[in-house]
Amino acid sequence: MQLGGIYAEYFNNVFMDGVPEVSRVDKTIDFNWGNGLITPDGADFVSVWWYSKVKPPFTEEYTFIVDADDGVRVYFDGVLKIDRWDKCCAQ
């Protein structure tokens with residue numbers, strides 16, 4: 001992974017199964033694809049793994065907010081912290 005980005009693996013299925021269709025570094029995680037393609041072949045029923053490290057500038061409590069139009073899971077150090085996989089469209 002290069003500095004200043006988030007490593008991403010995009011799959012043409014909702015299970016993150018098999019070999020990723022696209023691997024790249026995204027500058028941020030803030031997308032509104034609308035009806036556009038997410039991978040070269042997929043506009044819907046795709047999934048993404050984002051991998052990154054977070055190094056906060058201060059030692060204090062931080063809040064992460066996830067707003068997704070389908071299922072989402074967030075892990076910190078391999079521990080599941082947000083599990084909204086079966087609950088669409090909620091923050």
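Before we start, a convention for charges: Lys and Arg count as positive and Asp and Glu as negative, while His and the chain ends are not counted. Each charge is placed at NZ of Lys, CZ of Arg, CG of Asp or CD of Glu.

This is a predicted model, in which local features need pLDDT of at least 70, side-chain atom pairs count only at pLDDT 80 or more, and totals for chains, interfaces and linings use all residues. Residues are numbered from 1 along each chain as its sequence is written, and side-chain values use heavy atoms, with hydrogens and water left out.

**Exercise 1. Find how far apart the mean positions of the positive and negative charges are, then describe the chain as a whole.**

Step 1. With the convention above, the protein chain carries 8 positive and 15 negative charges, and their mean positions lie 8 Å apart.

Step 2. Along the principal axes, the C-alpha atoms fill a box of roughly 45 × 30 × 25 Å.

Step 3. The accessible surface is about 7,500 Å², and carbon and sulfur atoms own 51% of that surface. Areas here come from the Shrake-Rupley method with a 1.4 Å probe; for residues, only the protein chains shown count as cover.

Step 4. Of the 91 residues, 19% are buried. The cut-offs are under 20% relative accessible area for buried and over 50% for exposed, with partly exposed in between (1.4 Å probe, protein chains only).

Step 5. Now for contacts, meaning heavy atoms within 4.5 Å. Among those between residues at least 6 apart in sequence, 39% join residues at least 24 apart.

**Exercise 2. Work out the strand order of the open sheet and name its edge strands.**

Step 1. Count the elements: the chain has five strands and zero helices, giving the pattern β-β-β-β-β along the sequence. Both kinds of element are DSSP runs numbered from the N terminus: helices are H or I of at least four residues, strands E of at least two.

Step 2. Look for pairs, where two strands pair if DSSP finds at least two bridges between them. Strand β1 (residues 6–11) runs antiparallel to β3, and five bridges join them.

Step 3. The edges are β2 and β3, each of which pairs on one side only. From one strand to the next, the twist averages 25°. Axes for such angles are lines fitted to C-alpha atoms, for helices over the stretch in contact, and angles run from 0 to 180 degrees between N-to-C directions.

**Exercise 3. Describe the hairpin of β4 and β5, and say which residue there takes a positive phi.**

Step 1. Strands β4 (residues 73–76) and β5 (residues 79–83) pair in the antiparallel sense over four bridges. R73 has D83 as its bridge partner in β5.

Step 2. Two residues lie between the strands, and D77 takes a positive phi near 50°. Most residues other than glycine have a negative phi.

Step 3. D77 counts as exposed because its relative accessible area is 83%.

Step 4. Compare F45, in the loop between β2 (22–26) and β3. F45 is not a glycine either, yet has a positive phi of about 55°. With a relative accessible area of 60%, F45 is exposed too.

**Exercise 4. Locate D69 and decide whether it is buried or exposed.**

Step 1. D69 sits in the loop between β3 (47–51) and β4.

Step 2. Its relative accessibility is 56%, so D69 counts as exposed.

Step 3. Finally, 9.5 Å separates the C-alpha atoms of D69 and N32, which are 37 residues apart along the chain.
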